[in-house]
Amino acid sequence: GCGICTKRCPFGSIKIIGLPEELSDDKIIHSYGQNRFRLYGLISPRNGVTGILGPNGVGKSTIIKILNGELLPNLNDLENPSNIENVIKHFSGTELQNYFEKLKEKSIKPIHKPQYVDVLPKVVKGKVGDMLKKVDETGKFDELTKELELTNLLNREFTQLSGGELQRVAIAAACLRDGSIYYFDEPTSWLDVKQRFSAAKVIRKVSEDKKVVAVEHDLIVLDYLSDNIHIMYGVPSAYGVVTHPRGTRVGINAYLDGFLKEENIRFRKNSIIFEKRPPADNSNRPMLLDYTDINVNLGDFKLNVEGGEIYQGEVVGILGPNGIGKTTFVKALAGVIKPNAGEINGDIKVAYKPQYILTDFDGTVEDLLMDITAIHTSFYKSEIVKPLALENLMESNVKDLSGGELQRVSIAACLSHDADLYLIDEPSAFLDVEQRLNASRVIRRMADEKDAAMFVVDHDILFQDYISDRFIVFNGEAGMNGQGSAPLKKRDGANKFLKQMGITFRRDPETGRPRVNKEGSQRDLHQKEIGEYYYVD
Ligand code: ADP
Ligand code: ADP
Ligand code: MG
Ligand code: MG
């Protein structure tokens, strides 16, 4: 291990050896106790949006709670009660001195959108509209409820809201209040792509005259949202280190590379590289299956998906808003539901990772995976166990896993099956940025190595762009009807989808990763005019 924690290192073969020299005890801003998590450094919010990028468990939410005044840092003094005067003294001569002085005098008013919105119904009672009206100090009720698509939810009780609905209500509530600085902790969880960008736009608008800090795992959204970012690294639940602010583009590139030059820290063995060109047409691969137009009626909801042919070894990304039948389509392919019309031809074995994972398995992670395949081979270790960081979970009971742990185990379980077609519904949900990048590599490599095909539903478009050979694009009216396209060539599919979203992409010259063009910029207007939403060569 790295000498800090007793557990095996979650970074696999890459170890952060000891602590970087510059991290001495006097740099500890907060410690949760003897041999507990320690936070090294703090951020000083700048004008615009300051993004925080890093894996789970390295103190991102802790930073926000400190700056929001919810948690008074103890400066690693575990004997004496925390004291704001000491904190002010600790930061003397820096901007944070000023910040904590103002926090003490209550002359700044921080606003916090917390990470966990699913607890809201337990603490807020009544109707959504009444609550939002009550916190409306800026008079932006009409504007924000419209932009965040809350108009139809105003008469609902909090207990009747889904995760994505709660998230948008929480973002609206924060933006409606009149604060001096705003903290958004993971604002896009549960949201589809369109909702992610509406949320990002609303948050950017707040940042025009107020400082904003945001923690975000969707790299395309983080890139779009932030003016500068702090990368965090460390060992989850042992320690976390805040790095100096970087420009957003440079910072995200460094993160994808897995190496922080100034800090001399490599935190991932492989760098993530994007193909600058979409893959060539793959119809020269052997065909695996084909299906005719598929119709499914569920209550009032009607789904219609155009037929298509699927080839061996390809990854088909499924894109589209929430509530228009992506999961229903995948279930029809998996044979979980029977379509009202349509046929799937091909003698194939299917493996399926559902969107909502049930945990009725009685046993450990190791038991679960061993029931499916031989897990002690070096292939399995290097392709599945290591990149999905399952080593330390093997002895845990499946029933005790957290959301992110269960997701990684379920992805592993699905890929462990010997199948011809893998259906993977929303694999990036509950995963942090590092786990998303690792999961995307695992899925891409498995598709390349087995002669199987993969269907992947996901709202993280960096993830989708990285793994997919082709796209199926869905649209429709949530809860009413949905239409799915045939599998489209990558560029055509991305174009169709981005047009629906009203955003255009360009490629970062260094990494080839997609970036969202600023709305109304010359490039954005030009690409919209010529209909090339994906990117221009
Ligand atoms: P992040 O937001 O980056 O996922 P957090 O700031 O929530 O990380 O937590 C960092 C670490 O601190 C966690 O790994 C957890 O073990 C520990 N931690 C968080 N809150 C507490 C607490 N109230 N008491 C003890 N330990 C905590
Ligand atoms: P997506 O995956 O695109 O978010 P789903 O396929 O889960 O969408 O659901 C599409 C629509 O079908 C939703 O509006 C949902 O309310 C409805 N629906 C799903 N299952 C059922 C069911 N068993 N009975 C009635 N309606 C359903
Ligand atoms: Mg957090
Ligand atoms: Mg779904």
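Visitor: Are S61 and Q115 buried or exposed?

Guide: Buried means under 20% relative accessible area, exposed over 50%, and partly exposed in between (1.4 Å probe, protein chains only). By that rule S61 is buried, and Q115 is too. This is a predicted model, in which local features need pLDDT of at least 70, side-chain atom pairs count only at pLDDT 80 or more, and totals for chains, interfaces and linings use all residues. Residues are numbered from 1 along each chain as its sequence is written, chains are lettered from A and ligands numbered from 1 in the order in which they are written, and side-chain values use heavy atoms, with hydrogens and water left out.

Visitor: Which residues coordinate the magnesium ion (ligand 3)?

Guide: Donors are N, O and S atoms within 2.8 Å of the metal (3.2 Å for Na, K and Ca); water is not among the atoms, so sites may look incomplete. Here S61 (OG) and Q115 (OE1) coordinate ligand 3 at 2.1 Å. Because S61 belongs to helix α1 (residues 60-67) and Q115 to the loop between β4 (110-113) and α4 (120-123), the pair ties together parts 54 residues apart in sequence. Helices (H or I, at least four residues) and strands (E, at least two) are DSSP runs, numbered from the N terminus.

Visitor: What are the protein donors of the magnesium ion (ligand 4)?

Guide: They are T327 (OG1) and Q355 (OE1), lying 2.0 to 2.1 Å from ligand 4. T327 counts as buried at 19% relative accessibility, and Q355 is buried with a relative accessible area of 19%.
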